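Here are my notes on the model, written for someone opening it for the first time. Please read them with the structure in view.

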There are 2 protein chains.
Amino acid sequence: MNVLDTIESVTGYRVSGVHAGLKKNRALDFALIVSDKPCVMAGVFTTNRVKAAPVLWNMERFERNPDGIRALAINTVSANACTGEHGMFNARRMAEMVAEQTKTMPHQVLVMSTGVIGQPLPMDKIASGAELAAQALGDYWHEAATAIMTTDTRPKLASVQVESRLGKYTIAGIAKGSGMIAPNMATMLTAMVTDVQLSPQVAQAALTVATNSSFNRIVVDGDTSTNDMAVMLANGASGIELSTEEDIAEFQHALLALSTHLAQKVVRDGEGVTKFITLRVQSAADDACAIKIARAIATSPLVKTAFFGQDANWGRIIAAAGRAGVPFDADRARLWFVAGDSPQYPGLLLFENGQPTDYAEGDAGRIMEASDIAVTLECNLGAGVTTIWTCDLSHDYVTINGDYRT
Amino acid sequence: MNVLDTIESVTGYRVSGVHAGLKKNRALDFALIVSDKPCVMAGVFTTNRVKAAPVLWNMERFERNPDGIRALAINTVSANACTGEHGMFNARRMAEMVAEQTKTMPHQVLVMSTGVIGQPLPMDKIASGAELAAQALGDYWHEAATAIMTTDTRPKLASVQVESRLGKYTIAGIAKGSGMIAPNMATMLTAMVTDVQLSPQVAQAALTVATNSSFNRIVVDGDTSTNDMAVMLANGASGIELSTEEDIAEFQHALLALSTHLAQKVVRDGEGVTKFITLRVQSAADDACAIKIARAIATSPLVKTAFFGQDANWGRIIAAAGRAGVPFDADRARLWFVAGDSPQYPGLLLFENGQPTDYAEGDAGRIMEASDIAVTLECNLGAGVTTIWTCDLSHDYVTINGDYRT
């Protein structure tokens, strides 16, 4: 299954990214995806108890979607979160504006917003975005992915073509990071589309499974956003209907590959990131324990700054594992580092029997110089396993977030 | 109750801080506290499942203390954590060396180590530290507090004199930070002594209460160390025995004042700290919920970098509260900022009814320029309340921890 970093076109979808006046310097800031046919919708939404207005709007659409989704609009700069009743009104107005421009109904329109919390949506600019974006529709996936960027440094888009026994179909997606990334259910903004026909139940199950092993396994800084959201639209325009277990499994496999690819892009372009860390925790007491240990390590400022400093300070990893609140026994644990993005045996064994091995600092130092580093922590307590993708904590992260609003 | 930033002398204790050769440039690196009389001991120890050898040694002493504690030795540079069986052997050897120099028994000696994880204790230097420190004993509290510093920029010592109805007595303590600070039971290294006589039960209860409201309420970076430990020794050398409820309550009050003072010093001298934040969460569902919300805010890299950038980005505080995993309703919450180290009404009200107030950015900006800022988050859900002391996340934190070992 080959995941491409581009999107040619997806049957039945037209897309655009335009400048609505939200960003400075005529940068693209408003994206629109329109489907010719009504779509089945799947969605996973932030677990943050503070949910932005567009999240609440889309959750309502998700609950009742009698006529199918026809459009998805995304603006940057203002997150429309912590904006009270007026924020809900504005989310609805944004859907109405898009509906008017795309000749559909407001309840067939999804909206996403990302940017600063607490600022009202500038509705005049949203109106102009809706109008311009509707006029610009085409196969402009790169522009759409660019328009949803905030502190991202590059657009994140990917697609996979599946040569199924029923014919060829496509799944494609765009995503944005790049701070407040520690999803617990959904993460950041991700919009994926496919031209197959799926039942709502199958679509939702596929998205949930894919999200749990991709977007929910990345950590940039440990903050879960108020606006996190992943949605998938399926319009059936390819004429292919997936109903057998085998066909659905093939779709699931492709969707997971696409989601993982997009999720890793988000980490690689995380705020100030200089290192991409693949962290595998295995033989923990159970999967939930493995995840807790991995998250404790991935969110530790001390671990993250050590990677930034190219210091093989494995002690901080063991210490973070020890405070994860789940069983962990340093005397039974083993820890390996290896350059690259996939754990390997043998990597460099740094720690076992409760103490460091007699590894050479020079060998560890060479691994730390790589841009991609894989870390494996073996707990020897059970069958729990997880992989999390994370990154370092750099000066640039502090700079970016010290003056994000200014 | 006046807490002083100095320690004159505490009856029956002699103290020193010397250069044992662990740090460079003849910096003090080995501290010793000796009591003429055997002491009752109280202790709280890290909840990290990876416990350093000296923590385990002291926990054994705590379990069985038939002859009373006579000495406490502390070294820096090597933490003697993740050092396996040999680490336990070295912790015992360190106690034996100190016992020999101070004419007491090894099981009457407590040991603390702080520094890099995973490096063996250099026992020749520990031996020389024990010898030199024993020779240097006197009222050298400032030297002792200096000798236990790692990335701390200044020594942390404090004392309180209580004019009780039974006579005058003293409680004094030294502490060190300044990273890996997010205690969950004890924190960092703290050694406190008093010259009153207390039963072991009263001493332990007093230390537990004081720790829970002081050292356990500070957050620098969210990491809980393998070596966290707070101990209190009581030698009774003042001739004052505390046994009535009233006398014990007075002691408890003084001990809490001392602990809070030391804990705040640790935050103020946290790695790279430029802002001291007093965070009060009130009317949460219950106290446990208040603490979870406060910790989510205090450990959020986005909140911390915003304070560093002097940006009144209250949205990040609300977002962090929302992901704390406990009840929180943005529509009912209110958020105030005020310059200084104690919450005040009215401060500047930034947020209520689910949206920002019409506060002036200039007013918020002036508060953010202060070195001490108090934040109050009112949840309006119940009677839960807590105060946590925390700090910002700066470039210097990244620098310090990016090359700590090098």
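1. Contact here means that the C-beta atoms of two residues, placed from the backbone, lie within 7 Å. Axes are lines fitted to C-alpha atoms, for helices over the stretch in contact, and angles run from 0 to 180 degrees between N-to-C directions. Helices (H or I, at least four residues) and strands (E, at least two) are DSSP runs, numbered from the N terminus.

2. This is a predicted model, in which local features need pLDDT of at least 70 and side-chain atom pairs count only at pLDDT 80 or more, while totals for chains, interfaces and linings use all residues. Residues are numbered from 1 along each chain as its sequence is written, and chains are lettered from A and ligands numbered from 1 in the order in which they are written.

3. How do α7(B) and α9(B) cross? The axes of α7 (residues 287-299) and α9 (residues 314-322) of chain B come within 8 Å, at a crossing angle of roughly 130°. The two helices are therefore oblique to each other (under 35 degrees counts as roughly parallel, over 145 as roughly antiparallel, 65 to 115 as roughly perpendicular and the rest as oblique). I293(B), A296(B) and I297(B) of α7(B) meet I317(B), A320(B) and A321(B) of α9(B). By class, this contact has six nonpolar, no polar and no charged residues (Ala, Val, Leu, Ile, Met, Phe, Trp, Tyr, Cys and Pro count as nonpolar, Asp, Glu, Lys and Arg as charged, and the others, Gly among them, as polar).

4. Chain A has 11 helices and 16 strands. Its C-alpha atoms fill a box of roughly 70 × 55 × 35 Å along the principal axes. The radius of gyration of chain A is 22 Å, which agrees with the value near 22 Å for a compact globule of 406 residues; the radius is taken over C-alpha atoms, and the globule rule is 2.2 Å times the number of residues to the power 0.38.

5. Chain A also holds an open sheet of seven strands, in the order β9-β16-β11-β15-β12-β13-β14 with mixed pairing. In chain A, β12 (residues 334-339) and β15 (residues 372-378) pair in the antiparallel sense over six bridges, and F337(A) stands opposite V375(A). Helix α7 (residues 287-299) of chain A lies across β9, β11 and β16 of chain A, at about 20° to β16(A).

6. What does each chain give to the contact between chains A and B? Each side is listed with its count: 53 residues from chain A and 53 residues from chain B. On the side of chain A, α2, α8, α9, β14 and α11 each supply at least two residues, and α9(A) has the largest share, seven residues. That side has 21 nonpolar, 24 polar and eight charged residues.

Conventions. Pairing = 2+ DSSP bridges.
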